[in-house]
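Visitor: I have a structure open and would like to go through it with you. Can we start with a single residue and work outwards?

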Amino acid sequence: TDLRPLDILSEVVPAGRLARGMRVFQVQGVRGFQLAASRPRTLGFPASRLFIHCHRFPEEFSIIVTLRVLSVPAKRNEYLFTLMAEESPGVLVGLRYAPDKLHFPKMGRLGVVGGLGGLWGGIGSLAGPTLLHQHLLPPPTDAMKLSPASSLPVHRVVETPFPASLSVERASFYLGNRRRRKGVFTGLLRQLVLLPGADATPRICTAVNFKVATLSIPTVLQDLPVKPASNEVLKYPYETDTKVTLGSRPPCTKHEKAQFWFNASRRGLYLCNGSAWISMLEVKQRLDYVEEHQNLATNSETMGVEVFNIPKVGLFAATANRHSPPGSAIYKWTDGKFVPYQNIPTYQAQSWKYFTIGKKIFLAVANFERDDGGQEFSVIYKWSRKKEKFITYQRIPTHSARDWEAFVIEGEAFLAVVNHREGNNHNIDSVIYRWNPRTGLFETNQTIPTSGAYDWEFFTIGPYSFLAVANTFNGTSTKIYSHIYIWLSGSFQLFQSILTFGAADWEVFRIGDRVFLAVPYSHSYDSRMPAPSNFYAINSSIYELNITAQMFVKFQDLLTYSALDWEFFSVGDDAFLVVANSFDGITFSVNSIIYRWQGYEGFVAAHHLPTVGCRDWEAFHTAEGSYLLYSSAKEPLSKVLKLKTT
């Protein structure tokens, strides 16, 4: 009962030297041997190397095997090992695997030890050790016990008793075969141990992690440091099976660790490290030119556009149209183009905002005019999964609303509306609403004084949350201050004021660890000052956060023509800004410009795009490529432009 375990695998790889026809594979962090059928005799060794003092096979013994099973044809049997006399083709002792049974051939007879259904560790994964124990019963019978994956053991009484004196003189062990190419085991073997004179169950089934429990395995299969030193190589090289996923970005968790994802659209190869996809090989795209992709006919002139994706449904674009009826429209991306999907009644809509709260999906419209009943409301719509449409959810009183902004602070959802004017009074309050999870409605949380405001922009820097408002006109001048607010002690408080000229938008973006704010200027007007030669040709500004001064400072001015929007986007490693130029003082047919980030030079004009009354830009990506969508406030036609890259 105190005989040592006899490691059959280690005898085939003395001192870690692999025999010809053996390879080491790693699966789910555990290594095993894969065997080849080309020269089965090289995977053998004399039995005398194990049975040194007694040349007889023990009458009571245990066999412990850990393996990975590949798909095996229904009628095929594969040998895990055999013990064969040199002068005879018969098998003295062996273990043979079939798709649903484990066979134990001995002295020319075949015994079925047990079925594997429901007990095996599973095809395609490294199972826990399976233990076979031959033990003695009163003659004329013996019994065998099969304990797969530490589940309840299966006992099988063997009618033909195991030989009491089985000679192993001039016999040899063969790993994964029966001394010929046919029937070679095609899976992976990690452990194959013969324990004479004892039941190994107490030594195996007490392991905390049973799937990697071992009695004895070769050194070459033992765990190595996760990462060798930079100046050394693996002592025992191994191969591993690798799964490469195609398509959209898959999840990257500990279950996908060491798996690859190939992004066909960006021609990039990524490796999952257990939490994030790490770029291994990526062809960096560069913007070559822009081409017209689609003329999108709209219900009327379009003041704003919102592109969004509803998971498992598709990509959509909502246009904020001037006239009612027919109101505004939602389009769905189908076969590479936007097609009409849903019409929604709106009243000189200015913009849309898509946002989610938990599993709820919302779309809010900013209405500029009163409805047919003379009431002035902006409306929040909720996505109905049953109808696959947006339906009215909540109406909120607004005053010539221009924009909505949705954001989350400390786990709470907020929605801010820009009120442009009330009658002829441009100096009114805009409102921030907080989501009440009990009522399922937005409720007033804070009011902030604004002047003819056009836009809210929310952003975060480290642990701090900011909200910037674009003030446009105070009743006498467009030369007024726009403000940046910071969230402190449960409300927004003034952080910085910036002098602007008819500000129509804020666009926050990051390049590396630098934070920028771009503001487009629509026109320069002051009733108290002489009229300039051109109200609309005016420098728009880009500001950068100065960490030392703890404020945004001017970084660059760019000449624009009644600019109403900035949109930041990137292609490969390159960063871009596109401006919506709407009017040059003479015509609405004005080139809007894409600026490329040139580092020390700042943003440099790269592409001039003919537009008509351009009001808004949206950048979006699909499996087919990258696109820009612009809305026209002067004609019922918007355009989708495709970014051609090299």
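Visitor: Which strand is Ser451 found in?

Guide: Ser451 belongs to strand β34, which covers residues 441-451. Bear in mind that this is a predicted model.

Visitor: Is Ser451 buried or exposed?

Guide: Ser451 is buried, because its relative accessibility is 17% and the cut-off for buried is under 20%.

Visitor: Which residues is Ser451 in contact with, leaving aside neighbours within four places in sequence?

Guide: Ser451 touches His426 and Asn427, then Asn471, Thr472, Phe473 and Asn474, and also Ile480.

Visitor: OK, zooming out. How many helices and strands are there in the protein?

Guide: The protein has two helices and 49 strands.

Visitor: And what share of the residues counts as buried?

Guide: Of the 646 residues, 52% are buried. As for contacts with a separation of 6 or more, 49% of them are between residues 24 or more positions apart.

Visitor: Which residues make the nonpolar surface patch of about 290 Å²?

Guide: Ile278, Met280 and Leu281 make that patch. Leu281 sits in strand β21, residues 277-282, and counts as exposed because its relative accessibility is 57%.

Visitor: Switching to charges. How many salt bridges does the count come to?

Guide: The count is 11 salt bridges. Side chains of opposite charge can pair when their charged atoms come close.

Visitor: Start with Arg49. Which side chain does Arg49 meet in a salt bridge?

Guide: Arg49 pairs with Glu11, at 3.2 Å from N to O. Arg49 is in the loop between β4 (44-46) and β5 (56-57), while Glu11 is in helix α1 (residues 8-12), so the pair ties together parts 38 residues apart in sequence.

Visitor: Are those two buried or exposed, or something in between?

Guide: In between. Arg49 is partly exposed at 35% relative accessibility, and Glu11 is partly exposed at 22%.

Visitor: Next, what does Glu405 meet in a salt bridge?

Guide: Glu405 meets Lys353, at 3.4 Å from N to O. Glu405 lies in strand β31 (residues 401-409) and Lys353 in strand β27 (residues 349-357), so this bridge ties together parts 52 residues apart in sequence. Glu405 counts as buried, with 8% relative accessibility.

Visitor: And Glu544, which residue does that form a salt bridge with?

Guide: With Arg514, the closest N and O atoms being 2.7 Å apart. Glu544 is in strand β41 (residues 537-546) and Arg514 in strand β40 (residues 514-519), so the pair ties together parts 30 residues apart in sequence. Glu544 is buried at 15% relative accessibility, whereas Arg514 is partly exposed at 30%.

Visitor: Which residues are linked in a network of salt bridges?

Guide: Arg286, Asp574 and Arg596 are linked in such a network.

Visitor: Now sheets. What is the strand order in the open sheet of four strands?

Guide: The order is β23-β24-β25-β26, and the pairing is antiparallel. The edge strands, β23 (302-310) and β26 (337-344), each pair on one side only. From one strand to the next, the twist averages 25°.

Visitor: Over how many bridges do β25 and β26 pair?

Guide: Strand β25 (residues 328-334) pairs with β26 over seven bridges, in the antiparallel sense. Ile330 has Gln342 in β26 as its bridge partner.

Visitor: What kind of peptide bond joins Ser324 and Pro325?

Guide: A cis bond, with omega about -10°. The peptide bond from Pro325 to Pro326 is also cis, with omega near 10°. Pro325 lies in the loop between β24 (314-321) and β25, and Pro326 is in the loop between β24 and β25 too.

Visitor: Last topic, backbone angles. What is phi for Lys312?

Guide: Phi is positive, about 65°, although Lys312 is not a glycine. Lys312 is in the loop between β23 and β24, and counts as exposed because its relative accessibility is 91%.

Visitor: And where does Arg170 lie?

Guide: Arg170 is in the loop between β14 (166-167) and β15 (171-175). Arg170 has a positive phi of about 55° without being a glycine, and is exposed, with a relative accessible area of 66%.

Conventions:
Residues numbered from 1 in each chain as written. Predicted model: local features only at pLDDT ≥ 70, side-chain atom pairs only at ≥ 80, totals over all residues. Heavy atoms only, no water. Buried < 20%, exposed > 50% of the residue type's maximum accessible area, 1.4 Å probe, protein only. Contact = heavy atoms within 4.5 Å. Patch = residues over 30% accessible without salt bridge, like charges linked within 9 Å, V, L, I, M, F, W, Y side chains within 5 Å. Areas by Shrake-Rupley, 256 points an atom, 1.4 Å probe, with all protein chains shown as cover. Salt bridge = Lys/Arg side-chain N within 4 Å of Asp/Glu carboxyl O. Pairing = 2+ DSSP bridges. Axes fitted to C-alpha atoms, helices over the stretch in contact; angles between N-to-C directions.
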